Amino acid sequence: MNRKRGEQNKRQNGKDVELRKRENQKTTIEDNVRQILAYIGENPNREGLVKTPYRVARAYEYLTKGYDEDPKAVINKAMFTEDYQEMVLVKDIDFFSLCEHHLLPFFGRAHVAYIPKHPIVGLSKVARLVEVFSRRLQV
């Protein structure tokens, strides 16, 4: 399922940086990270931690970018009509993702196989699709 995220801008090093956020969002990931830092006994305003909320927000934005990507758009025009009906296999696709229960990262290798009817998908697109779905929370 694709979730659309609103966007906002923030200035970093003199440049506008686009940040995603949900509409009517009362607190941001950065606000929540500051609260977590304070909760564990750290000073969120300490020199080494001042930019941590921003960095964590960017990291989660990257790790969950699959929600903003449309799998159909990834395949685009990489569908080819071939009279090929044997199994197509793409092995050893490295991926990393986040556990939906703890939001902790994990990694692995995916193997994708399918038997085409007539259109076949370019092999590089299979790996891209794995990336799109791995950038969403997983069980």
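Select Phe96 to begin: this residue is partly exposed, with a relative accessible area of 31% (buried is under 20%, exposed over 50% and partly exposed in between, with a 1.4 Å probe and protein chains only). The model is predicted, so that local features need pLDDT of at least 70 and side-chain atom pairs count only at pLDDT 80 or more, while totals for chains, interfaces and linings use all residues. Residues are numbered from 1 along each chain as its sequence is written, and side-chain values use heavy atoms, leaving out hydrogens and water.

The structure holds two aromatic pairs (ring centres of Phe, Tyr or the six-membered ring of Trp within 6.5 Å; planes under 30 degrees apart are stacked, over 60 edge-to-face, the rest tilted). Tyr62 belongs to helix H2 (residues 52-63) and Phe96 to strand E4 (residues 88-99), so the pair ties together parts 34 residues apart in sequence (helices, H or I of at least four residues, and strands, E of at least two, are DSSP runs numbered from the N terminus). Tyr62 is partly exposed at 40% relative accessible area.

Next, select Phe95 and Phe106, an edge-to-face pair at 6.2 Å centre to centre and 85 degrees between the planes. Phe95 lies in strand E4 and Phe106 in strand E5 (residues 105-114), so this pair links parts 11 residues apart in sequence.
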